[in-house]
Amino acid sequence: MKFMSITRVLLAIAILSLFSAGSARAAEVVRVAYPSMNVSVFCILIAQQQGYLKEEGLDVQLLNIRGEIAIRTALAGEIDYFTNAGSALAAAVRSVPVKIVTVFQDRPTWDLIAQPGIKSIQQLRGGTIGVMSPEGSLAVVAREMLRKNGLDPGKDVNLVTMGGDAVRFPALQTKSISATLFNTGMSLQAQKAGFTKLASAADYANLIEGGFAASNEKIKQNPEKIVRFIRASLKGIKFFASKREPTIKLMIDNMKISDHELVNAIYDINSKLILRDGYSDDKTLQGMIDTMKRATKVTRDFKVGDIFELAFVKKANDELKAAGWKP
């Protein structure tokens, strides 16, 4: 009897230890920086809401931080990942030790939106364009659009760093800037408010818009945690692509937009562009690198593997496919 009692006690302790370990894992925090709401953020929110992150023993904290600051924060080890993939690409070609670990969109959805009286890109001569960061994707695409319309972005137009949509839209409303690039949601809202759509960025450049990036040090520290985070996020992106109504409800709740027609339009555009497997082909990625090299005037040669670390997302994707996982 005494032996049986001891055995039961030991068994109870073992079970409690397992629960404690599970609880500790469930409480493991992942800190992710983002500049504005986009597909990358939605897939995290879905993964949180649907319990995909909990299944991986993770709990995400989302921090609203713009591109260049997010990179400095990542290098300091204060965040795990950031969704500013365009800024990460610009930094990586300048040999900053960061890499992009997922690609959720390889075609930009931004529109160049201008003051109502401006009807062409050529009319931006002498004006000011608001961007989020000096060398982020918005700035790169803006310069490409200006060049291809006969304007010198260094002389004919003034590019001003202003942060995210929450800053640039009021700047447009108060005529502090002549134009800016907005994502689908803000573009549609701005057009409804009477501002002019001059062009679509997708017609001028093929650059990463959605994805996750991390410092090289963070990638080395805990590769197993990266796989867990990406696996949960992939589930979120697949849910986004296939579950229209619950995704739209989540978007409405988090974007604070009451216009259901607008949110439906945003979903329709983004759902057609997302990469459900979380990565793009090497030819497209190399093209992104070459475009960014020209924009940043970097002459060093880079291969895809120098900028993108896609082994984690490919592994996670293969596992989900092998398991036959569906949202």
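This note covers the aromatic pairs and nonpolar cores of a predicted model.

1. Local features need pLDDT of at least 70 and side-chain atom pairs count only at pLDDT 80 or more, while totals for chains, interfaces and linings use all residues. Residues are numbered from 1 along each chain as its sequence is written, and side-chain values use heavy atoms, with hydrogens and water left out.

2. There are eight aromatic pairs in the structure (ring centres of Phe, Tyr or Trp, the latter by its six-membered ring, within 6.5 Å; planes under 30 degrees apart are stacked, over 60 edge-to-face, the rest tilted). One of them joins Phe104 and Phe212, edge-to-face, at 5.3 Å centre to centre with 85 degrees between the planes. Phe104 is in strand β4 and Phe212 in strand β10, so the pair ties together parts 108 residues apart in sequence (strands are DSSP runs of E, at least two residues; helices are runs of H or I, at least four; both are numbered from the N terminus). Both Phe104 and Phe212 are buried (under 20% relative accessible area, 1.4 Å probe, protein chains only).

3. Phe104 and Phe212 also belong to one aromatic cluster with Tyr81 and Phe229. Among the residues that Phe229 touches are Val30, Ile44, Tyr81 and Phe212, leaving aside residues up to four places away in sequence (contact: heavy atoms within 4.5 Å).

4. The largest nonpolar core has 104 residues (buried Ala, Val, Leu, Ile, Met, Phe, Trp, Tyr and Cys joined through side-chain atoms within 4.5 Å). Helix α10 (residues 223-242) supplies its largest share, 10 residues. Another core, of nine residues, lies apart from it and includes Phe169 and Phe195.

Methods:
Buried means under 20% relative accessible area, exposed over 50%, partly exposed in between (1.4 Å probe, protein chains only).
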